[in-house]
Amino acid sequence: MDEKYQDSLKKDAMDASEFSGEVEDVAAKQLFMTPGQIVARQFFRNRLAIVGLVILVIAILFCVVGPFLSPYSETEMFYLGADGQEVPKDVPNYSARISESGARLNKRAEPDSVHLLGTTELGHDMFTRLMYGGRVSLMVGFIVVFVELLLGVTLGGIAGYYGGWIDTIIMRLVEIFNSIPFIPLMLIISSVMINLKIPEGNKIYYTMVIMGVLYWAGVARLVRGQILSLREMEYMQAAEAGGIRGSRKIMRHLIPNVMPQIIVMATMDLGGVILTESTMSYLGIGTSAMFASWGNMVQAVTSDVIMRNAPYLWIPPGLAILFVVLAFNFVGDGLRDAFDPKMKR
Amino acid sequence: MRQFIIRRLLISIIVLLGVSMMLYALVRSMPSDYVTLATATNPKVTPEMKEELRKIYGLDKSIPEGYVNWLGSAVKGEFGVSLKFNRPVTQIISEYAPITFTVAFIALVLELLIAIPLGILAARKQYTKTDYIITTLVFIGISMPTFFFAALLKKWFGPAGLNWFPAYGLLQARVIYNGFSFAKLLDYAQHLVLPISMWVVTGVGSMLRYTRTNMLEVLNADYIRTARAKGVSEHNVVYSHGFRNTLITLVTLLGSSLPGLFSGAAITEGLFALEGLGNIALTASHQADVPYLMGFNMLLAVLTIIGYLISDILYAAVDPRVRLS
């Protein structure tokens, strides 16, 4: 049977060579790809994932590089002179001009060529605030996900590998953390922070660590579940026979095999954390209003005047949150499909 | 099976104890307790009177001592008297829970009505234009910040825009209804259009994705190919052979969405000024109302655990392998 098949192959090749006039080298034509290349190819075939990636690159450039190019700073205020025109910062008698009678704060100015998105209630440049706000949102996302992965992968790995009573304790902890309602809890924590007199500027760092600590349970559950099934694989018996340490078995042999799921979860969580942080900032329990964040910028909408007459003050930050979270979800979904060998197109 | 349920119940009790300990410690470390807040504007109150008040409210005890007291009465079903509203916590919860629950329940039913047909459609037409459009819309819904979408709805359809629906509250303040009437029901309905739309749009996504993923898995299974090979009609293949198996996992998902019916309310109710449990919790946390916060958060925790329990038991009922581990 096999020989027959080989013969027919040879015959086909000869037919082809007669047709094209030369013998083709099958091996040279064969496409060899590493697993990484296969994943990359699958990923870039997904149009939504590419859209997500492009949005993320633009957002990161806008928030990280943008502030260096902006002529204004985050907390700079602008004033209107007595003539109703904005006083430029470089006029020699600046302080006199802004204190003369009739001069006032240039608040809620409509978008024009000087202030691309107008000015806020406090006379800040909206476009510049949007860049700084994005910095906060992205930074919160990355740090919270880092903390949750650190805790989740370690504890999930230990629970899955060692099993027994260690597993029981860690999984009960996971359930406790999962059963605590998140937003009410953050409301309580934010007032505890006021009680401890934590400076406004540092509050965001504490919030990030607390969010990471509250979010680890999901990661731990995923890692443990995967490791439970990987632990029974034959290559783990081989590792056992090799006599290497437990921690090394977890870090070198088990975690790398859970990596695809961890990466997908981390990407999706980045979006989720940014969404949660913006909700908290909107409720006034995240980033303090002194510093811009997309969430507390949308909060301007609670003033009826701004909602009706100044959509340029709350729609751009809202759309920014929507697009960045959407992008993380697109990329995460694309990665999930790309890592999954069953999802061939 | 019975042993499995008993074991899960015992574990749930331990988890609840852990949750209540953490919550109590946090709630009690809130700033300026209720007495300080409530008497702040009254200069006649002496420190001695404040001490006396703290003793009455049970705030003079240390955190562990207070916790033991709280636990002792909570086991008997007494959650104390809300400091802010001066009424028993259980009474407040039973009065406002129907509002919260009704809103959430209508939203959940609408979500299911949208998610299941569209999820099946997306799975049947995987990687076509229909699938791409549904997937994109779903992701927009998942990624939409609730407060931003609420603001957009209020701007477009509320009094500031088309003025189709009221943007705040549950009933018109100026109208007095005597007893139950159709007009009152209509008034409720009008006020609930915007909150429920917000809830459905931001919540339908995860359920739709879930249906699609499960449906895809089922439709690629061997027995579906067999059914097709037998010549079963496409409609029957999808609905009687395919969907029936997706339904099992959907039911377990419903179990775990039980707590979401209440916890999601804190934000929705705050945004649309609906008088429900969540909105009261927002005020209570600004006022350091320890008994109400404990009561509300424990209600959520109990619901979460019941949700897990239901989905675990349903899962075990479906999949015998789970029972053994």
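A: In this predicted model, A:Glu175 forms a salt bridge with B:Arg8, the closest N and O atoms being 3.9 Å apart, where a salt bridge is a side-chain nitrogen of Lys or Arg within 4 Å of a carboxyl oxygen of Asp or Glu. The pair crosses between chains, running from helix H1 (residues 2-28) of chain B, which holds B:Arg8, to helix H7 of chain A, which holds A:Glu175; helices (H or I, at least four residues) are DSSP runs, numbered from the N terminus. Both B:Arg8 and A:Glu175 are buried, a class that means under 20% relative accessible area, with exposed over 50% and partly exposed in between (1.4 Å probe, protein chains only).

Turning to the interface as a whole, the contact (heavy atoms within 4.5 Å) takes 45 residues from chain A and 45 residues from chain B. The area buried between the chains is about 4200 Å², of which carbon and sulfur atoms give 75%; buried area is the accessible area (1.4 Å probe) that two parts lose on being put together, summed over both. Three residue pairs, both at pLDDT 80 or more, are in polar contact between chain A and chain B, that is, a pair of N or O atoms within 3.5 Å, of which, within protein, one must be able to donate a hydrogen and the other to accept it, while residues adjacent in sequence count only if both atoms are side-chain atoms. Among the elements that give two or more residues to the side of chain A that touches chain B are helices H7 (164-179) and H14 (315-339) of chain A, and H14(A) provides the largest share, eleven residues.

As to conventions, residues are numbered from 1 along each chain as its sequence is written, and chains are lettered from A in the order in which they are written. Local features need pLDDT of at least 70, side-chain atom pairs count only at pLDDT 80 or more, totals for chains, interfaces and linings use all residues, and side-chain values use heavy atoms, with hydrogens and water left out.
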